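Visitor: Please put the model up, and then take my questions one at a time.

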Amino acid sequence: MKLESKVPSGPLAEKWSKHKFDVKLINPANKRKYSVIVVGTGLAGASAAATMAELGYKVTAFCYQDSPRRAHSIAAQGGINAAKNYQGDGDSVHRLFYDTIKGGDFRAREANVYRLAQVSTDIIDQSVAQGVPFARDYGGLLANRSFGGSQVSRTFYARGQTGQQLLLGAYSALSRQIGMGTVEMHGKTEMLDLVIVNGKARGIITRNLETGEIKRWAADAVVLATGGYGNVFYLSTNAIGCNVTATYRAYKKGAGFANPCFTQIHPTCIPVSGDHQSKLTLMSESLRNDGRVWAPKKKGDKRPPADIPEEERDYFLEVKYPSYGNLAPRDIASRAAKEACDDGRGVGESGLGVYLDFADAIKRLGEDKVRERYGNLFDMYQKITDENPYKMPMRIYPAVHYTMGGLWVDYNLMSTISGLHVIGEANFSDHGSNRLGASALMQGLADGYFVLPNTIGNYFATAKPEKTSIDAPEFIQAENEVKERIQKFMSINGTKTPAEFHKELGHIMWEKCGMARDKAGLESAISKIQALKKDFWSNLKVTGTAEGLNQTLERAGRVADFLEFGELMCRDALIREESCGGHFRVEHQEEGEAKRDDANFCHVAVWEYQGEDKVPLRHKEELTFETLQLSTRSYK
Amino acid sequence: MKIKLHVWRQKNAKSPGKMETYSPSDVNPNMSFLEMLDVLNEDLIKKGEDAISFDHDCREGICGSCSMVINGRPHGPSKGTTACQLHMRSFKEGDELFIEPWRAGAFPVVKDLIVDRTPFDRIMAKGGFVSVNTGSAQDANALPISKDLADKSFEAAACIGCGACVAACKNSSAMLFVSAKVSQLALLPQGQPERMRRALGMLRQHDEEGFGACTNTKACEAACPKEISIENIARLNRDFMKATLFYPEHESSANE
């Protein structure tokens, strides 16, 4: 497997403009001769599909939801970062770049991150032009707030619904193209395999989720914008349908999977309430602008929070990280909360929770101001927990939220398979081993609006994909394999439901490959997952039929891929003998803080599939830092 | 707690459907409504039966997927709440619940509680946007917009496209949905150049899809999980009237 990052030469700040000039262009009249498949229509997919159609390419887009407007980008709450420096507080492209690299614990590629910071400002301009109603000040200019891991206010927001408003903006751009006939959109359609012809990605196999029809689709390039794999943990803040299938199928067809063990555990989620729980709900990081995190100082203190006097409260983030306080980055804040709970100082019935307290903010700003800033989040909290956060502090606990790992891509966002491009959360590129808050929306839209539409033309112009059709033997074979697999799911007729297997897998992953990992735990997880996989293929029960709508069958396919993928994650976590960002190996720490090993692990780990039940090969892309100095990440 | 459910079961668009009765075990008041259905579905699969199909995804009240009528009310009894955010503590021991799909001619049933809501996407494609290609935008702060207008626009933009407004309306009108998008953009300077064309195009498609007219009963506003105001419908009607009376030239371009 060749891992050429294709980072352009020259000074960091000029690489992207130089590259845009150097890439080969396709003349406007010829663009319509090139077709591209986009799988997934969240922020990255919808913005890419719309923009490529505007340029003149023939786009066919797919999503598993009934409408692109429902992709899980919609649930992003807090905001989107951009280096606009509208607040005049010392922000710049370089500072956003620096914060992102440092936030990611020096495990991301410099050139990609710098480009991300550069185009961040264009995203805000584009979104506002589309009519995205960002929050504004009385003077009519855009408002900003702060997010974790930065000391400037660079986060643009639309109450607690920023993801919704940005996605609806991208969806409106996509709708415009659909109306003009330049994008052909297929909702309720799931990609089940990638088709490769002569070493190039040339199409996909899909299942229509309403009719069950299996179909072949060919194009000159394929773009995966299928999001992250947080649902491998069963419980996460992802939507129920989020899955790894598209990227995992691509991995099995030869695409390198980078840093699968890099997952983000978000510190402020509503704690689990019982065994019936189907998903976890995030409380936006923006709440940490005004909320103070604390736990009782005494172990097992079961008094109601109001009865615990000030001097018996441990505001652990403010104490441990005085310069960032409650806005310490996510990985660090999560671990600190876990420590407090492991120490027996957790709150709530389960003891797995700490307080996020707004009493001071309400005293300072008044309840109305707090309601204006966070009203929808407070309402959501109250609906779920039946507790009023205006009157008593929220209870929060860390939960799986985002995955930094993903398919490996070069500077052009192309995977190790020629013609297969990967954008948004589905790729690995920009967040290293920990993503900063409000950077996911930024990356998804940067990739979709501004990066891929510039680089894909270069692929068409240089690779010159030859003619192919859905009747090529590679397509027929892939279709047959998909059909056989579905037949297999339907015919096992065992005793356990897909959800039961999913829950068991999630339990193993959370215990052994979650917030704290160690060698023995990861080794036992690998063998447990292998046993569970065996059980799955002999004891699965799927009712209903393969034809028509069957949500149990859909779930079975996704869980089958999660089972194999979970093992890959554990392998990756096992070999990375260091702690960095969200990857915390208990063997590697210094005074409770993550201890990196730059001598041995300053690289991207890229896994190459070797066949059923074979150990995959691990390759490396060495990370070189030309501009920044590798340093210990400190928020103290 | 123990409850009794009557759930609409329908194999596909062509087969007739009917209510089936279930008595789910172990209902915990802290469960969400959909988690209660999950638990019931696990039992059904174990018994070899087909699980109840229902649309759902984010389960945090924002994607607009979930769509069921509970005891005659879209998304159930709690105000401003989607079915996924409804919790079983809203019901009491021994309650009998009737669960049905959205009922509207323009939203045919796909299976059980799932209906086809693609008409909404087709309405959006007829004008629910500002025509601005990527890369052609000016600096975002070059266009100040008063906070009041931006906030009002946001309130309209909060629509999640779930279709509860249609299910609640005796005319199966989707005017609240259309007006939310039209208002969001009509309130902003960015939306002005296409304002008339947008109102015409989206309403024409609305009618073509078979949604009914608005007769101001406000049932939609009461059912809307995002509490979108029917003030938006008034704004849409004004724009539509103005467009048909004074801008007939937009009529043809809206149909392009």
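This is a predicted model: local features need pLDDT of at least 70, side-chain atom pairs count only at pLDDT 80 or more; totals for chains, interfaces and linings use all residues.

Visitor: How far apart are the end C-alpha atoms of helix 11 of chain A?

Guide: The helix covers residues 367–385, which is 19 residues. The expected span is 1.5 Å times one less than the number of residues, and a straight helix would here reach 27 Å. The end C-alpha atoms of helix 11 of chain A fall short of that, at only 20 Å.

Visitor: What covers the buried residues of helix 11 of chain A?

Guide: A residue is buried if 20 or more other C-beta atoms lie within 10 Å of its own, exposed if 12 or fewer, and partly exposed in between, with C-beta atoms placed from the backbone. Among the buried residues of helix 11 of chain A are Tyr374(A), Leu377(A) and Phe378(A). What covers the buried residues includes helix 10 (359–365) and strand 15 (394–403) of chain A.

Visitor: In which order do the strands of the five-stranded open sheet of chain A run, and which are its edge strands?

Guide: Two strands pair if DSSP finds at least two bridges between them. The order is 11-15-14-12-13, with antiparallel pairing. The edge strands, each pairing on one side only, are strand 11 (263–269) and strand 13 (313–314) of chain A.

Visitor: Which helix of chain A packs on this sheet, touching strand 11, strand 12, strand 14 and strand 15?

Guide: Inside the sheet, strand 12 (residues 292–296) and strand 14 (residues 354–357) of chain A are joined by three bridges, and Arg292(A) stands opposite Asp357(A). The packing helix makes about 65° with the direction of strand 11 of chain A (angles run from 0 to 180 degrees between N-to-C directions, the axes being lines fitted to C-alpha atoms, for helices over the stretch in contact). It is helix 9 (residues 330–345) of chain A.

Visitor: How many residues does helix 9 of chain A give to the side of domain 1 that touches domain 2?

Guide: The domain assignment, automatic or from a database, gives domain 1 (268–398) and domain 2 (473–595) of chain A. Six residues of domain 1 are in contact with five residues of domain 2, contact meaning C-beta atoms, placed from the backbone, within 7 Å. Helix 9 of chain A gives the most to that side of domain 1, with five residues.

Visitor: Which helix supplies the largest share of the side of chain A that touches chain B?

Guide: Between the chains, 63 residues of chain A are in contact with 67 residues of chain B. Helix 11 and helix 16 (551–575) of chain A are among the helices that each supply at least two residues of the side of chain A. The largest share, nine residues, comes from helix 6 of chain A.

Visitor: What percentage of chain B counts as buried?

Guide: Chain B has nine helices and seven strands. Its C-alpha atoms fill a box of roughly 60 × 40 × 35 Å along the principal axes. Of its 256 residues, the buried ones come to 56%.

Visitor: Why does Glu311(A) count as exposed?

Guide: Glu311(A) sits in the loop between strand 12 and strand 13 of chain A. Glu311(A) counts as exposed because its C-beta neighbours inside 10 Å number 6.

Key
Residues are numbered from 1 along each chain as its sequence is written. Chains are lettered from A and ligands numbered from 1 in the order in which they are written. Helices (H or I, at least four residues) and strands (E, at least two) are DSSP runs, numbered from the N terminus. Two residues are in contact if their C-beta atoms, placed from the backbone, lie within 7 Å.
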